[in-house]
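Hello,

Here is the structure for your review. My notes follow below it.

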Amino acid sequence: MRVLGVDPGLTRCGIGVVDSLPGRRAELVAVGVAMSPPSASVDQRLLQIAAELDTWMDAHVPDVVAVERVFAQHNVSTVMGTAQVAGLAMLAAARRGVPVAMHTPSEVKAAVTGSGRAHKEQVQRMVAGILGLAEVPRPADAADALAIAICHLWRPSAIMDKAERFAQTPAQRAWAAAEQAARRAKGVR
């Protein structure tokens, strides 16, 4: 299974792609950060991040997109931007017929470290260890995106978006699988 993890943010949106390996192991495929300048208008910032998410989706053809669930914060403008970017990630996935999973920060921490109260540095070190990396991915948003992807690999029964509750017919599943295989083959060549 290939998971594209998204740590939504309007200034920095972490994006990480991991593949599952036998024996509850994971392999890094790619990691990065989509950025938008705070000096730009919100619509242009969202457009820039949406384009970057589309590029990642097309380049890596994930089986599922895992997004950090937005939670209430004291700063309304921060939570708004985070929620808007989470929506962009879900839309990019929906356009491609890719299921979306939402994970809370405590679920991610628990999956990666064993404790839902782990500190950010602990999560980052565990991500590096799980993926066999010599260094912690930087910036922190990139490491967080990988943690979200790993969480989904290890907690696949997590709550899927409501849209995913509508079962596809066998023909729809076969069609989606064929499209995904074709996109992967095209990306390899």
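Is the crossing of α1 and α2 left-handed or right-handed? The crossing of α1 and α2 is right-handed. Here, right-handed means that the near helix is turned clockwise from the far one by less than a right angle, and left-handed means anticlockwise.

First, the ground rules. This is a predicted model, in which local features need pLDDT of at least 70 and side-chain atom pairs count only at pLDDT 80 or more, while totals for chains, interfaces and linings use all residues. Residues are numbered from 1 along each chain as its sequence is written, and side-chain values use heavy atoms, with hydrogens and water left out. Helices (H or I, at least four residues) and strands (E, at least two) are DSSP runs, numbered from the N terminus.

**Helix pair**

α1 and α2 pack at about 35°, with axes 10 Å apart. Axes are lines fitted to C-alpha atoms, for helices over the stretch in contact, and angles run from 0 to 180 degrees between N-to-C directions. Contact means heavy atoms within 4.5 Å. On the α1 side, the contact includes Leu46, Ile49 and Leu53. On the α2 side, it includes Val85, Leu88 and Ala92.

**Sheet**

Five strands form an open sheet, ordered β3-β2-β1-β4-β5, with mixed pairing. Two strands pair if DSSP finds at least two bridges between them. β3 (25–35) and β5 (100–103) each have a single partner strand, so one side of each has no neighbour in the sheet. β1 (residues 2–7) and β2 (residues 12–21) are antiparallel, over six bridges. Aspartate 7 sits opposite glycine 14 in β2. β2 and β3 are also antiparallel, over 10 bridges. Serine 20 has alanine 26 in β3 as its bridge partner. β2 and β3 form a hairpin with three residues between them. Glycine 23 in that turn has a positive phi of about 75°. Helix α5 (residues 140–154) lies across β1, β2, β3, β4 (64–68) and β5, at about 35° to β2.

**Cores**

The largest nonpolar core has 25 residues. Such a core is a set of buried Ala, Val, Leu, Ile, Met, Phe, Trp, Tyr and Cys residues joined through side-chain atoms within 4.5 Å. Buried means under 20% relative accessible area (1.4 Å probe, protein chains only). Leu4, Val6 and Val67 are among the residues with the most contacts inside this core. Another core lies apart from it, with 21 residues, among them Ala26, Val108, Leu131 and Ala147.

Best regards

Terms used
Buried < 20%, exposed > 50% of the residue type's maximum accessible area, 1.4 Å probe, protein only.
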